[in-house]
Amino acid sequence: MPCGTGKTISILSILVSWKIKHGANVGKIVYCTRTTSELEKVLEELESLLKFIQKGKEDEECPILGVGLAARKTLCINPEVLAKQTASEIDSACFERTGGAWNGLDETLLPDIEDLEGPRCTYFDKATADGAPSKPLPKGVYTLDALAKQGNNLHHCPYWLARWALEYADIVVLSYPYIIDAKVAEHITETFPASSVVVFDEAHNIDNICMESLSFTVTKNSAKRAKDQVKNLQRILKKARSQGTSLLDTEYTNLVERPSTAGEGTNNPTSLEPIPGNMRKAEHFVGMLKRLTDFFTERFSRKTTRIEVQPPKDALRNIQDQVLITPKQLTYCQSRLQTLLRTLNEVPETFRDLQLISHLVTTMATYAEEGFSVVCEPEEATASNTHWDSAFSLVCCDASLAMRGVFGKYRNVILTSGTLSPLDMYSNMLGFTPVVSKSLNMTMVRQCAYPLIVTRGADQQSLDESTESILSTSYKTRVSNLNEAVVRNYGSFLVELCQTVPDGIVCFFTSYRYMEEVVSAWESSGILSDLTNEKLVFVETKSISETEAALSNYRKACDVGRGAVFMSIARGKVAEGIDFDGHYGRAVVCFGVPYLPPDDQALQARLNWLEENKQIPAKKYRTFDAMRQTSQCLGRVLRNKKDYGLMILADRRFVSERDMLPTWIQEAGLDRPAHVNISADVAVNMASQWLTTMAQPANLEEEMGRSLLSASDVLAYLNPKEAQQGNPRKRKKTDNNAAA
């Protein structure tokens, strides 16, 4: 079922009721979202739900404490810190002003606040002075705005109020990395009990998020910066020794006496034992880092045009042979670096590139035998591959590695999305056997979604994958030359749609390059002028600020009745996070199938691994990925039960691949021959007739008992015997729809 049809509120209603009933016998409800905007929507839904539960019980205390955790740049209210430009600068400023009070640091390695020099964060200091870390927040739901308001009223840091509240909150809403990324999760979720329920909302891309959390890329420039950062660390270490500080001696003693975890920061810690002796002394460890950065800079200095793909164990052998660092030492590299930076009270962001290399080698050594590939790309590009750049990448091919910690700790995990299809692909890739696997249909009176597959232009030229066809949107054709027939038919079709569809139309292309070439060709041929006569045209760019400005003006054009077309990318920001509800999106058009580029070496390594280990053929995965991206594009225009929109797939290849689209899209029309394999002029006529019907006012009375349940319908469902005696015919209809 698509977004806006009640998935979030339904899941929250069930889990909150269960939590209220069983109380302390159950763990937390951990609700994970992909973006901050989605996080805020979930908190708003939760707030509305609890208001409904408390109706008539205003004198009683709210039974639930719900809190959301976002990044520092979102929650910070310190004007001096907010003046920084980037998220990393804000993080660094926060670190400097809180004395390194980050990520559960060992307090024995931190200096006293009174001994710290430089600016302080008065919000953090007052919060700690008032005992906020151990003083629970009053019950209720704290949205991000509510946290900021609480922080301003008490002069407390909202971010740390949320961090401290995680320990005792009943419901926690946060983004995916706080749970999936082991480098973050070990500090954020360590107090969450195993009986907690973890919900991953909008989980259609969860496998990509998992693999990205364990993948790292070191470029030639980042290796050079890391080498400079090692030199800076040596100077800081030398200065600390000359000042006679005892922190380094204390650190050494702790490393000798306390066991450390190899592979810390991954989901596969391998052992708990004292750190290797040649890494305990700070100077010895920094010397090892110097040799490690030398390995990467030397690797990038080689002149080659050949891409190398090798297993991690081969890369580890090269490191050991060239700079005499063993794989066991590398498994402790990241944790040892973090300990040293904490001891010296240095801002982690200052050593960002050095940390990147340490994360890479620690992960590579930890997972030397499973689910990874090393891809080394050359410095100089060949004539036919001008986009290559010098890079050393550790590519995670197995998404289940990142989920291992989640499934291993929590007994209840829920994956949900409106485009989670096919379901068996996800359980296979993530390495689990679902207890319940269910696809739910929409309960709609009107046909709010109207999908059409257009395979021929008005001139009856076929949109086909083969290069012999006059009309083709395949990758091979797009990168070789721009097919004039494709451009002409797409442009003419879009102009006719603009004459038929009111308000807003959203178009999705397969890549920035292809969109730019098509728009340029339309301008040369006069089609763009015809488009602008019908509606204003706006284009997504790689600049976030430019795209936001374009979206704002697009909405204004729709609001004033001028109408607009927004041209976007299937894998861009707009396709994943922007809603075109109501008149902002009366039609969505997908020009081409958004397959992944075939010359991506990291992708090829993953496809090879999936075929060998998960028995998922490369073609099947590429089609699966393209269809889920298409589903996201189509879902942009249907955001609630009263909404409606055209969904046009303009490529012949969609005919054979439509079975991988979600069931609710297939049943909306793609299971009928009249909606499949049609020409552009027929599609325009069908769209005109359907839009005329949908423009009529919706009769809510017709939806009662079908897509809407009255209070009596709900009571009848809860008491079926009584309902059958009172009104058998109505009871039967209500039961069927409740079950649906």
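The legends below describe close-up views of one predicted model.

Residues are numbered from 1 along each chain as its sequence is written. Local features need pLDDT of at least 70 and side-chain atom pairs count only at pLDDT 80 or more, while totals for chains, interfaces and linings use all residues; side-chain values use heavy atoms, with hydrogens and water left out.

**View 1. A patch of negative charge on the surface, made of E40, E44, E45 and D145.** Helix α2, residues 36-53, gives the most to this patch, with three residues. Helices (H or I, at least four residues) and strands (E, at least two) are DSSP runs, numbered from the N terminus. E44 lies in α2 and counts as partly exposed, because its relative accessibility is 46%. Buried means under 20% relative accessible area, exposed over 50%, and partly exposed in between (1.4 Å probe, protein chains only). Patches are made of residues with over 30% relative accessible area and no salt bridge; like charges are joined within 9 Å, and nonpolar side chains (Val, Leu, Ile, Met, Phe, Trp, Tyr) within 5 Å. Asp and Glu count as negative, Lys and Arg as positive, and His and the chain ends are not counted.

**View 2. The buried side of helix α13 (residues 247-257).** The buried residues of α13 are L248, E251, N254 and L255. They lie on the same side of α13, because they cover an arc of only 120° around the axis. The arc is that of the directions from the helix axis to the C-beta atoms. An α-helix has 3.6 residues a turn, so residues three or four places apart point the same way.

**View 3. The salt bridge between E251 and R336.** A salt bridge is a side-chain nitrogen of Lys or Arg within 4 Å of a carboxyl oxygen of Asp or Glu. In this pair the closest N and O atoms are 3.1 Å apart. E251 is in helix α13 and R336 in helix α17 (residues 333-343), so the bridge ties together parts 85 residues apart in sequence. Both E251 and R336 are buried. By the salt-bridge rule, the count comes to 28.

**View 4. The salt bridge between D294 and K227.** The closest N and O atoms of this pair are 3.2 Å apart. D294 in helix α14 (residues 282-301) and K227 in helix α12 (residues 220-242) are 67 residues apart, so the pair links distant parts of the chain. D294 is partly exposed, with a relative accessible area of 22%, and K227 is also partly exposed, at 29%.

**View 5. The salt bridge between R404 and E370.** The side chains meet at 3.1 Å, N to O. R404 lies in helix α19 (residues 400-409) and E370 in the loop between α18 (352-366) and β10 (372-377), so parts 34 residues apart in sequence are tied together. R404 is partly exposed at 33% relative accessible area, as is E370 at 27%.

**View 6. The backbone at P422, E202 and N677.** The peptide bond from S421 to P422 is cis, with omega near -10°. P422 is in the loop between β12 (412-416) and α20 (423-430). E202 is a residue other than glycine with a positive phi, near 50°, and has its place in the loop between β5 and α11 (206-213). With 8% relative accessibility, E202 counts as buried. Phi of N677 is also positive, near 60°. N677 lies in the loop between α30 (663-670) and β19 (678-679) and is partly exposed, at 33% relative accessibility.

Note on methods: Areas by Shrake-Rupley, 256 points an atom, 1.4 Å probe, with all protein chains shown as cover. Charge placed at Lys NZ, Arg CZ, Asp CG, Glu CD.
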